[in-house]
Amino acid sequence: MSAATTRSRTPDRLCAEAVGLAREAAEEAAFPGVVGEHVSMVAEGDRVVTHYFECKEAGYRGWRWAVTVARASRAKFVTLDETVLLPGPDSLLAPEWVPWSERLRPGDLGPGDLLPTEAEDLRLEPGYSGEDAPPPNSVVSEELAERVDAEDAEVTDRTAVPARGTLAAVAEELGMRRARVLSRYGLHLAADRWDEEYGPRTPMAQAAPATCASCAFLLPLAGSLRQAFGVCSNEFSPGDGHVVSLSYGCGGHSEAAVMPAPPRPAALVLDSTAADVFALRPDPAGGSVPVESAGAEDLGHS
């Protein structure tokens, strides 16, 4: 029989009238003064009724005291079955518990925090493979050891020198000694995250005059990521210092609005800033004074 059919039954008369018994049971289980008015009752089955009382305890807004009473077949006395505090339809509930590994969000990691990764993390894969065992695990400092114990993690000593001739030694010489590198799955996760935050579907990109693919402030990445992403270097852009999609864009595009060169003033028709040159002596070839008498006296009369 379904729960809907069970709760649609007509409540037993004696059980429905046992409000006082139910209140006494609720007040005995709760602190004094926190059991409020009788809210409702529900028939749970044959001669089984649950009475609900308002809860006035601080921090339990919307919760109700549920007291279930029952009566045996052909019995005239009602007995107490169960008393419990239950949330109501509009009650204040605590959020569902989430493991710490799923609870972390970008920006939660602060200075001194330790964020371990799982040994089988799908975002990572071995940096090199072969017969070599991974470097031995060792605690770097006592402070880090306490954090490791608190997080139930292990710290790998990356300072251990691999034996000469091993694959790890060759990787060390080639500059490739990383125990794990980013896998294709981890690469796709990062690309999806970057595309969601600085991609073509963002409001900023929708209103941009052009995409980052033609912007001079874009610094391309290396490897396969350069086909879709780059780093913005425009200090006035919201994506400055972030990995942005080539399809992203903003109003700070280098070619969106080029400022014209300042206009050069036209040449002056009448130059009033220069000094006029006047000769100390008259021009012998342009005046009416004879040449021989022009230089006789500097300031005399002819």
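Q: Which residue in β9 is the bridge partner of V231?
A: V243 is the bridge partner of V231 in β9. The model is predicted: local features need pLDDT of at least 70, side-chain atom pairs count only at pLDDT 80 or more, and totals for chains, interfaces and linings use all residues. Residues are numbered from 1 along each chain as its sequence is written, and side-chain values use heavy atoms, with hydrogens and water left out.

Q: What makes β8 and β9 a pair of strands?
A: Two strands pair if DSSP finds at least two bridges between them. Three bridges join β8 to β9 (residues 243-245), and the two run antiparallel. They therefore pair.

Q: How many bridges does β7 share with β8?
A: Three, again in the antiparallel sense, between residues 218-220 and residues 229-232. P220 stands opposite G230 in β8.

Q: Why is S183 called buried?
A: Buried means under 20% relative accessible area (1.4 Å probe, protein chains only). S183 has 6% relative accessibility, so S183 counts as buried.

Q: What makes the S183–G186 pair a polar contact?
A: The cut-off is a pair of N or O atoms within 3.5 Å, where one must be able to donate a hydrogen and the other to accept it. A polar atom of the S183 side chain lies 3.2 Å from the backbone nitrogen of G186. The distance therefore meets the cut-off.

Q: Why is L109 called exposed?
A: Exposed means over 50% relative accessible area. L109 has 54%, so L109 is exposed. L109 is found in the loop between α4 (100-103) and β5 (124-126).

Note on methods: Helices (H or I, at least four residues) and strands (E, at least two) are DSSP runs, numbered from the N terminus.
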